[in-house]
Amino acid sequence: MTDKLIIFDTTLRDGEQSPGASMTRDEKLRIARQLERLKVDVIEAGFAASSNGDFEAVRAIANAVRESTVCSLARANDRDISRAAEALRGAARARIHTFIATSALHMEMKLRMSPEQVLEQARLSVKFARNLVDDVEFSPEDGYRSDVDYLCRVLEAVIKEGATTINVPDTVGYAVPELYGEFIRTLRERVPNSDKAIWSVHCHNDLGMAVANSLAGVKIGGARQVECTINGLGERAGNCSLEEIVMAVKTRKDYFGLEMNIDPLHIVAASKMVSQTTGFVVQPNKAVVGANAFAHASGIHQDGMLKARETYEIMRAEDVGWSASKMVLGKLSGRNAFKQRLQELGIQMESEAEVNAAFSSFKDLADRKSEIFDEDILALVSGDNVTLDKDQFGFVSMSQRSETGERPEAVVVFTIDGKEVKAQSDGNGPVDASLKAIETHVKSGAEMVLYSVNAISGSTESQGEVTVRLQNNGRVVNGVGADPDIIVASVKAYLSALSKLHSKADRVAAQG
Ligand code: KIV
Ligand code: ZN
């Protein structure tokens with residue numbers, strides 16, 4: 001057993017499966033670069049066979065990332081595995097992660113396969129994958145609810161075929177820490193060739209125990225890889241949160257006794273990037289990355305902190321990347337300074353046209369806001385705020401009128417496929433009037449399932465960041481918009497969500 005804990009980040013795959021969290025190739029690439037800066041060992045970049053978009057995202061990440069292993073998920077069949085290998089061809093280190101369900105419920109109701117058929121498919125798939133890459137991970141989906149004797153047979157067979165990592169998912173978040181830890185230990189004790197593979201834990205957070213279960217898998221079970229996501233992003237209640245697992249193992253090194261490659265200084269930036277890209281806002285009291293995680297409000301605590309910070313603080317805010325936000329640029333800053341700051345923030349634009357579009361949005365913002373912070377720049381380039389030619393709907397201008405006792409009215413000018421339209425409506429409030437104005441033209445029929453506003457850098461001078469989540473015909477998309485005027489931010493977010501709804505996506509679900 002080694003004393004190194006491998007951090008496997010699946011924000012871009014399992015995290016992205018969260019309804020509305022889907023990201024573009026460029027957004028994924030930007031997050032992958034931040035994960036590399038964070039020194040995660042493995043980046044699960046996507047599920048290459050699920051859509052052309054995901055294939056391109058995995059390929060772009062495999063070509064760009066040099067330090068971390070890049071992984072693609074693949075169902076246990078030759079087509080998915082070949083597609084994964086193809087997308088990973090440019091990687092410095094490539095891993096194929098193949099999976100098939102092994103619980104009686106999943107095999108019978110979902111796969112309609114017998115246990116022996118599943119075992120054979122798992123075995124053949126790992127064998128096939130090992131002919132394409134040296135690093136193959138196998139996951140028995142719904143592993144925690146699988147029959148232990150049967151699971152031991154499957155895992156022994158796939159290790160014999162060359163699986164280098166065995167990951168045991170608690171797919172539905174049913175486990176409790178002690179039992180999950182013992183489950184992993186039992187598997188490791190009973191699978192005869194268990195020492196030939198690294199054991200990994202993958203826990204969902206349906207009962208709020210994903211981090212605790214993962215830690216038990218490590219401590220009691222002897223797992224040496226944890227699968228996790230930034231901000232705990234993921235389907236339903238999410239996955240094990242990277243920042244929590246990393247800081248638990250680091251802060252309680254006395255107990256866990258494990259080393260990690262991670263550089264925690266980049267945690268907060270990664271959290272902000274994921275939150276701004278997906279529109280999934282981090283709750284203020286979230287451990288490590290919540291806005292209040294290091295705020296000491298009560299008089300007794302503040303007094304103690306002033307005398308000795310260790311009285312109430314077990315980690316230092318600056319060690320995970322919380323630092324006073326710097327004023328980086330202003331209205332007189334030129335294109336080169338802007339470009340350099342993008343680079344320092346790890347943002348690489350694909351083309352000069354994109355840099356130009358971002359710089360023009362920056363200039364526009366700097367005209368209205370004297371201090372531009374890193375958060376503003378991130379919001380500027382986070383997908384939705386730079387309207388690109390490929391976006392079907394784009395913001396042009398708007399005006400609205402609201403007065404106490406009067407029904408608000410709004411006029412919005414926007415583009416549909418490059419053609420300008422002007423729309424007008426009244427509504428319950430100015431935001432409602434503006435979005436209704438757009439709908440008078442678009443008639444999308446979409447249902448709004450979330451609308452939220454967040455101040456990017458805290459004060460009333462900050463930009464408002466709005467997330468709009470729309471649902472239509474079973475598709476759920478998020479649009480994010482930022483602007484010092486929250487009504488404009490709302491319109492931008494809405495138009496961005498509409499563009500996403502109208503773009504064709506053909507994702508295949510990894511689970512279920
Ligand atoms: O939760 C799960 O079972 C998964 C597998 C595909 C690894 O995400
Ligand atoms: Zn999962």
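How are the donor residues of the zinc ion (ligand 2) spaced in sequence? I read the pattern as D-x187-H-x1-H.

**Ground rules.** I am working on a predicted model, where local features need pLDDT of at least 70, side-chain atom pairs count only at pLDDT 80 or more, and totals for chains, interfaces and linings use all residues. Residues are numbered from 1 along each chain as its sequence is written, chains are lettered from A and ligands numbered from 1 in the order in which they are written, and side-chain values use heavy atoms, with hydrogens and water left out.

**Zinc site.** I looked up who holds the zinc ion (ligand 2): Asp14 through OD, plus His202 and His204, each through NE2, at 2.0 to 2.2 Å. Donors here are N, O and S atoms within 2.8 Å of the metal (3.2 Å for Na, K and Ca), and water is not among the atoms, so sites may look incomplete. I also checked burial, and both histidine 202 and histidine 204 are buried (under 20% relative accessible area; exposed is over 50%, partly exposed in between; 1.4 Å probe, protein chains only).

**H8 on H9.** Helices (H or I, at least four residues) and strands (E, at least two) are DSSP runs, numbered from the N terminus. I find H8 (residues 210-219) packing on H9 (residues 242-251) at about 45°, axes 10 Å apart. Axes are lines fitted to C-alpha atoms, for helices over the stretch in contact, with angles from 0 to 180 degrees between N-to-C directions. So H8 is oblique to H9 (under 35 degrees is roughly parallel, over 145 roughly antiparallel, 65 to 115 roughly perpendicular, the rest oblique). From H8, Val211, Ser214 and Leu215 meet Glu244, Ile245, Ala248 and Val249 of H9, contact meaning heavy atoms within 4.5 Å.

**H11 on H15.** The axes of H11 (residues 267-278) and H15 (residues 374-381) come within 9 Å and cross at roughly 40°, so I log this pair as oblique too. On the H11 side I note Lys272, Met273 and Gln276, which meet Glu375, Leu378 and Ala379 in H15.

**Positive phi.** Asparagine 231 has a phi of about 60° and sits in the loop between strand E8 (225-228) and H9. It counts as buried because its relative accessibility is 16%. Aspartate 417 has a phi of about 50°, in the loop between strands E12 (409-416) and E13 (419-426). Aspartate 417 is at 59% relative accessibility, so I put it down as exposed.
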